[in-house]
Amino acid sequence: LSLLASFIVTQLAKCFSDHALLILSLLLGLLGSLLLIDEPLAPNLGESRFFLGFALITIAFPFGRNIALAMFSKVLGPTPQGAWFGLCFVIGAIPRCLGPSWSLYVLNLACFIFPSPAPCPPGGRSCLEFAISAFFFASTLLLIRIFSRSILPFDERWADSKRRGSPVLELSPASSAARRAVKRAKQNFTQLNSATQH
């Protein structure tokens, strides 16, 4: 499903804006998460609801990731993007590292928080985990609505800023704070390198 979703994104991107496709992926993830909530917050999770919810989430993640990376690239514009994408991938790796352990913990925590109906199924209850996932999908949709002007492509923000006469926020390593940080990092690296050679 993930490979199919990646192919479908490529085709849909020709017809729809990145913004609309990102909203679609978040809605798919929200709906999938809501379908996977089990007792006591929702009726018993049957096979058909499980497979439908799982399919929606499986489609939503690669769909949203591809679109989010494309949008991020367009938001950055003509600035050197390597450092920003490196940071993006490092931050994106944190949930992949912590996610499996956190997931098992939350499945078992749900049995403690919601002891009935007893007994707790082997492996725990999915109600808390997918309620939290649904909350994050809904929160992201809300944040995109609130900050929709900030995630416009650089070209559109630039044209809009010229019309309004306001500066464009540039995420450029050429900014003065970033230049100072890079200079300090180079100095530290040079000092460390020279200290290890002696």
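Modeller: Let us begin with exposure: a residue is buried under 20% relative accessible area, exposed over 50%, and partly exposed in between, with a 1.4 Å probe and protein chains only. Cys88, at a relative accessible area of 29%, is therefore partly exposed. Cys97, by contrast, is exposed because its relative accessible area is 58%. The model is predicted, so local features need pLDDT of at least 70 and side-chain atom pairs count only at pLDDT 80 or more, while totals for chains, interfaces and linings use all residues. Residues are numbered from 1 along each chain as its sequence is written, and side-chain values use heavy atoms, with hydrogens and water left out.

Biologist: How many disulfides does a search of the whole structure find?

Modeller: A disulfide is a covalent bond between the sulfur atoms of two cysteines. The criterion here is a pair of cysteine sulfur atoms within 2.5 Å. The search of the whole structure finds one. Cys111 and Cys120 form it, with their sulfur atoms 1.5 Å apart. Cys111 is buried, at a relative accessible area of 17%, whereas Cys120 is partly exposed, at 29%.

Biologist: Which residues make up the largest nonpolar core?

Modeller: A nonpolar core is a set of buried Ala, Val, Leu, Ile, Met, Phe, Trp, Tyr and Cys residues joined through side-chain atoms within 4.5 Å. The largest one has twelve residues, including Val9, Leu21, Phe63, Met71, Phe137 and Ile144. At least two of its residues come from each of α2 (18-35), α3 (47-76) and α5 (127-146); helices are DSSP runs of H or I with at least four residues, strands are runs of E with at least two, and both are numbered from the N terminus. Another core, of eight residues, lies apart from it and includes Ile37, Val106, Ala110 and Phe130.

Biologist: With which residues is Phe63 in contact, leaving aside its neighbours within four places in sequence?

Modeller: Contact means heavy atoms within 4.5 Å. On that basis Phe63 is in contact with Ala5, Ile8, Val9, Leu12, Leu21, Leu24 and Ser25.

Biologist: Where is Thr79 placed, and is Thr79 buried or exposed?

Modeller: Thr79 is in the loop between α3 and α4 (82-113). Its relative accessibility is 9%, so Thr79 counts as buried. Thr79 and Phe154 are 75 residues apart in sequence, yet their C-alpha atoms are 9.8 Å apart in space.
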